Amino acid sequence: MTALTRADWDVTVPLAPPPAPPPDLVLHAAAWTDVDGAEDDPQEAAAVNVGGTRHAAELGAPLVAFSTDYVFDGSKRAPYVESDRANPLSAYGRTKLYAEGAAGENSLVVRSSWLFGPTGHNFVRTMLRLGRERDEVAVVDDQFGCPTYVGHLAAAVRGLADRGERGVWHLAAAGECNWFELAQAVFEAAGIECRVRPISTAELGRPAPRPAYSVLRSERENAPQLPHWREGLRACLAELGEI
Ligand SMILES: NC(=O)c1ccc[n+]([C@@H]2O[C@H](COP(=O)([O-])OP(=O)(O)OC[C@H]3O[C@@H](n4cnc5c(N)ncnc54)[C@H](OP(=O)(O)O)[C@@H]3O)[C@@H](O)[C@H]2O)c1
C-alpha cells in the first residue's frame with residue numbers, strides 16, 4: 001500500500017510519470033475541504049476537487065472517490081437516498097458533485113458526512129480543545145446530519161471495494177443529530193465541564209450556505225449498515241484516550 005500526500009502529488013496536475021502497472025485500487029481522499037473558502041475561490045476548489053478526481057480516475061485503476069452530503073440542498077425532511085436529486089447550495093458542494101461525474105461510471109463514489117476521527121481537523125477534536133479552554137461554546141442547533149466515525153466508514157468502504165461495487169453509495173452513521181447535540185455528547189462522554197449555547201446558522205453567519213438537513217441513508221438492499229454515531233463517538237474518544 002502506498003499513501004501519497006500533497007507533497008508527493010498535487011492532484012491539480014496529472015501524476016507524472018503515471019504508475020505502471022496501475023495500482024490494484026485507488027482511494028482518492030484528497031480534496032479542497034474549506035467549505036467557506038471555496039465561495040471566494042471556486043475555481044481553485046474545482047481544480048482540486050474536479051480536476052483532482054479526473055486525474056485520479058486517469059490512473060486506470062479501480063477508483064474509490066469520497067463525496068459529501070453537501071451535494072444536497074437540505075430541503076427534504078427525510079433521509080436522502082442515492083436517487084434523490086442533488087442540488088448543492090455551496091461552491092464546495094458543486095465541485096464535489098462535478099467530481100462525482102469526473103470519477104467516471106466505473107468508480108465507487110462514497111457519499112458520507114460530518115466525518116470525525118482521532119487525527120486531522122474535525123469537529124470532535126475541536127470541541128475537545130475548546131471545551132478545555134472555555135466555559136462556554138456556541139454551536140448551531142439547526143443543521144441535522146449523521147456524524148460519522150472514520151473507522152466505521154473505512155470498514156464499510158473496504159467491504160464495498162472487496163465486492164467490486166461501483167456507482168454512488170451513501171455510507172453514514174446510523175442515527176442523526178445537530179451540531180449542538182454532538183458538542184454536548186462530546187463533553188458528556190469526555191467529562192468536560194463546558195456549557196453549550198445553541199445558536200442558529202443565521203447567527204453564526206458563515207459565508208457558505210449549508211444544508212439544514214442532510215441525513216444520508218442508502219436505498220440499496222446490500223448496503224453496509226454503519227453503527228450509530230454515539231458508538232462512533234465512543235470509539236473515537238477511546239482511541240484518543242479520552243475515555
Ligand atoms: N470532513 C467531512 O466531514 C467530510 C464529509 C463528507 C465528505 N468528505 C470528503 O472526504 C474526503 C476527505 O475529507 P477530509 O475531511 O479528510 O479532508 P481534509 O482533512 O481537508 O484532507 C484533505 C486532504 O487533501 C489534501 N489536499 C488538498 N489539496 C490537495 C492537492 N491539490 N493535491 C493533493 N492533496 C491535496 C490535503 O493536504 P494538506 O493537508 O496539505 O492541505 C489533505 O491531506 C474529501 O473528499 C471530502 O470532500 C469529508
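1. The shell around the ligand divides into ten nonpolar, six polar and three charged residues; here Ala, Val, Leu, Ile, Met, Phe, Trp, Tyr, Cys and Pro count as nonpolar, Asp, Glu, Lys and Arg as charged, and the others, Gly among them, as polar. The model is predicted: local features need pLDDT of at least 70 and side-chain atom pairs count only at pLDDT 80 or more, whereas totals for chains, interfaces and linings use all residues. Residues are numbered from 1 along each chain as its sequence is written, and side-chain values use heavy atoms, with hydrogens and water left out.

2. In total, 19 residues surround the ligand, the closest being Arg6, Thr33, Tyr92, Lys96 and Leu115; a residue is near a molecule if one of its heavy atoms lies within 4 Å of it. β2 (63–68) and α3 (91–103) each supply at least two residues of this shell, and β2 gives the most, with three residues. Helices (H or I, at least four residues) and strands (E, at least two) are DSSP runs, numbered from the N terminus.

3. Polar contacts are pairs of N or O atoms within 3.5 Å. The side chain of Arg6 places an N or O atom 2.8 Å from an oxygen atom of the ligand. Backbone N or O atoms also take part: that of Leu115 is 2.8 Å from a ligand oxygen atom, and that of Val11 is 3.0 Å from a ligand nitrogen atom. The protein covers 67% of the 910 Å² of accessible area that the ligand has on its own, by the Shrake-Rupley method with a 1.4 Å probe.

4. Four strands form an open sheet in the order β1-β2-β3-β8, with parallel pairing; two strands pair if DSSP finds at least two bridges between them. β1 (26–28) and β8 (167–170) are the edge strands, each pairing on one side only. From one strand to the next, the twist averages 25 degrees. Three bridges join β1 to β2, and His28 has Ala65 in β2 as its bridge partner.

5. α3 packs on the sheet, touching β2, β3 (108–112) and β8, and its direction makes about 160 degrees with that of β2. Helix α5 (residues 150–162) lies across β1, β2, β3 and β8, at about 160 degrees to β3. Contact means heavy atoms within 4.5 Å; axes are lines fitted to C-alpha atoms, for helices over the stretch in contact, and angles run from 0 to 180 degrees between N-to-C directions.

6. Most residues other than glycine have a negative phi, and most peptide bonds are trans. The Ala16–Pro17 bond is cis, with omega about -10 degrees, as is the bond from Ala20 to Pro21, with omega near -5 degrees. Trp114, in the loop between β3 and β4 (115–116), has a positive phi near 45 degrees.

Note on methods. A polar contact is a pair of N or O atoms within 3.5 Å; within protein, one must be able to donate a hydrogen and the other to accept it, and residues adjacent in sequence count only if both atoms are side-chain atoms.
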